[in-house]
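The questions below ask what lies behind the terms used for this structure, and each answer sets a value against its cut-off.

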Amino acid sequence: RSAAGRPRFAFAGPAAMLRSVFRLSHGKGMRDGFTLHERLAADCITLDDWPLCRVLLMNDESYPWLILVPRRANLSEFHDVAEADKAQLMAEIDRASRALQSSFRPDKINVGALGNMVAQLHIHAIARLKPDPAWPGPVWGKQPPVPYGAGKLQERVETLKAHFSEM
């Protein structure tokens with residue numbers, strides 16, 4: 001809560017809050033002509049920029065779900081990643097997976113890059129727990145996303161960022 005006693009996140013709606021608090025700016029952190037795909041920008045909250053990837057949180061509180069997007073232009077497949085970036089990409093996938101593991105103690109971590117809906121290379125890292133709504137099947141299409149409320153979002157972001165700093 002603010003000094004005036006208002007909730008910490010005063011906003012006109014969830015999208016406004018997410019953009020103002022978690023800097024969904026596309027220009028910031030651009031490198032080599034990188035621009036975040038509009039669908040990823042609309043569906044996710046930017047958490048951080050690591051050496052190679054922009055780290056996003058899917059705006060669906062049903063699943064602890066990170067998305068890593070290499071900040072390079074014109075990548076759609078793993079084989080498009082420059083040799084010089086491949087080891088860093090794997091290290092960042094490992095870092096995201098370990099942060100999810102230590103934050104949520106899931107039954108399984110799903111890691112994958114599909115790209116059927118968004119061609120820009122992005123890697124999903126999803127902490128799966130047996131009680132989640134889609135277990136044991138895929139998370140896509142099981143139910144509509146459940147956007148984070150301000151309190152739950154703040155808690156999830158703080159948890160993940162604390163574990164990012166430990167990795």
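Q: Why is W50 called buried?
A: In this predicted model, W50 has a relative accessible area of 3%, and since buried means under 20%, W50 counts as buried.

Q: What makes F164 buried or exposed?
A: The relative accessibility of F164 is 2%, and the cut-off for buried is under 20%, so F164 is classed as buried.

Q: Why is the pair of W50 and F164 called edge-to-face?
A: The structure holds 3 aromatic pairs. In the pair formed by W50 and F164 the ring centres are 5.0 Å apart and the planes stand at 80 degrees; rings pair if their centres lie within 6.5 Å, and planes over 60 degrees apart count as edge-to-face, so that is the term for this pair.

Q: What parts does the pair of W50 and F164 tie together?
A: W50 lies in the loop between β1 (44–49) and β2 (53–58), whereas F164 belongs to helix α4 (residues 150–166), so the pair ties together parts that are 114 residues apart in sequence.

Q: What makes R95 count as lying over the face of W50?
A: R95 is at 4.0 Å from the ring centre of W50, and the distance limit for a charge over a ring is 6 Å, with a further condition of 35 degrees from the ring normal; R95 is accordingly listed as lying over that face.

Q: Why is α3 called oblique to α4?
A: The axes of helix α3 (residues 83–104) and α4 come within 9 Å and cross at roughly 120 degrees. Roughly perpendicular covers 65 to 115 degrees and roughly antiparallel starts over 145, so α3 is oblique to α4. Residues making the contact include R95 of α3 and F164 of α4.

Q: Why is N74 called exposed?
A: N74 has a relative accessible area of 75%, and exposed means over 50%, so N74 is exposed. N74 lies in the loop between β3 (65–70) and α3.

How values were computed. Residues numbered from 1 in each chain as written. Predicted model: local features only at pLDDT ≥ 70, side-chain atom pairs only at ≥ 80, totals over all residues. Heavy atoms only, no water. Phe/Tyr/Trp six-rings, centres within 6.5 Å; stacked < 30°, edge-to-face > 60°. Helix = DSSP H or I, 4+ residues; strand = E, 2+ residues; numbered from the N terminus. Buried < 20%, exposed > 50% of the residue type's maximum accessible area, 1.4 Å probe, protein only. Axes fitted to C-alpha atoms, helices over the stretch in contact; angles between N-to-C directions. Parallel < 35°, antiparallel > 145°, perpendicular 65-115°, else oblique. Contact = heavy atoms within 4.5 Å.
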